[in-house]
Amino acid sequence: ALGMTLVTVNFNGAVVLNLPSALASAAGAQAQPGTFLGRPIVVVDIGGFASVTNIITCNPFGSELIDGLASIAIKVAYGAVVFTPNTPAGGYTLTQS
């Protein structure tokens, strides 16, 4: 198993998370092997504060997209999303919400 990156949010207010680039390095796997692993990023509202007023906004890197969208928002208490990197093209696929 490749593992994952877990991001926990426990804040009573709006939160903005900027995701790293999902695009594999042009230098190749030998130069930066970690960029080719494609580890999912899991974002979880562990505090239960997410709501329509306390939105957790997840933005992809630069011009990359998340399933064609410019951002994803968590608006429900204890909500979670899983982003799977699309290393050849850049951006993320929303694999669970």
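Me: Let's call a residue exposed when over 50% of its relative accessible area is open, and buried when that figure is under 20%. This model is predicted. Going by those cut-offs, is Met4 buried or exposed?

Reply: Met4 sits in the segment before β1 (5-9). Its relative accessibility is 51%. The cut-off for exposed is over 50%, so Met4 counts as exposed.

Me: Which residues does Met4 contact, leaving aside its neighbours within four places in sequence?

Reply: One part of the chain to look at is Ile41, 37 residues away from Met4 along the chain, with the two C-alpha atoms separated by 5.8 Å. With neighbours within four places left aside, Met4 is in contact with Arg39, Pro40 and Val42.

Me: OK, zooming out. What order do the elements of the protein run in from the N terminus?

Reply: The secondary structure comes to zero helices and seven strands. Read from the N terminus on, that gives β-β-β-β-β-β-β.

Me: And of the contacts between residues at least 6 apart in sequence, what share joins residues at least 24 apart?

Reply: Heavy atoms within 4.5 Å make a contact here. Taking those between residues at least 6 apart in sequence, the share that joins residues at least 24 apart is 65%.

Me: What percentage of the residues is buried?

Reply: The protein exposes about 5,600 Å², with carbon and sulfur atoms supplying 58% of that. As for residues, there are 97 in the protein, and the buried ones make up 35%.

Me: β6 has another partner, β3. Which residue in β6 is the bridge partner of Val44?

Reply: β3 and β6 pair over four bridges in the antiparallel sense. In β6, the partner of Val44 is Ala80.

Me: Now the inside. Which residues of the largest nonpolar core touch the most other members?

Reply: As a rule, nonpolar side chains in soluble globular proteins tend to be buried together. The largest core here has 16 residues, and those touching the most other members are Leu17, Val43, Ile56, Phe83 and Tyr92.

Me: Which side chain does the side chain of Asn59 make a polar contact with?

Reply: Asn59 is in strand β4. Not counting residues up to four places away, it touches Val16, Leu17, Asn18, Leu19, Ala70 and Ser71. The polar contact, at 3.3 Å, is with the side chain of Asn18.

Me: What backbone oxygen does the side chain of Asn54 reach?

Reply: Asn54 lies in the loop between β3 and β4 and, at 15% relative accessibility, counts as buried. Apart from residues up to four places away, it touches Asn12, Gly13, Ala14, Phe49 and Ile74. At 3.4 Å, its side chain reaches the backbone oxygen of Phe49.

Me: Last one: how far apart are the C-alpha atoms of Gly47 and Ala77?

Reply: Gly47 is in the loop between β3 and β4 and is buried, with a relative accessible area of 18%. With neighbours within four places left aside, Gly47 is in contact with Val9, Asn10 and Tyr78. Gly47 and Ala77 are 30 residues apart in sequence, and C-alpha to C-alpha the distance is 7.8 Å.

Definitions and conventions: Residues are numbered from 1 along each chain as its sequence is written. This is a predicted model: local features need pLDDT of at least 70, side-chain atom pairs count only at pLDDT 80 or more; totals for chains, interfaces and linings use all residues. Side-chain values use heavy atoms; hydrogens and water are left out. Helices (H or I, at least four residues) and strands (E, at least two) are DSSP runs, numbered from the N terminus. Buried means under 20% relative accessible area, exposed over 50%, partly exposed in between (1.4 Å probe, protein chains only). Accessible areas come from the Shrake-Rupley method with a 1.4 Å probe; for residues, only the protein chains shown count as cover. A nonpolar core is a set of buried Ala, Val, Leu, Ile, Met, Phe, Trp, Tyr and Cys residues joined through side-chain atoms within 4.5 Å. A polar contact is a pair of N or O atoms within 3.5 Å; within protein, one must be able to donate a hydrogen and the other to accept it, and residues adjacent in sequence count only if both atoms are side-chain atoms. Two strands pair if DSSP finds at least two bridges between them.
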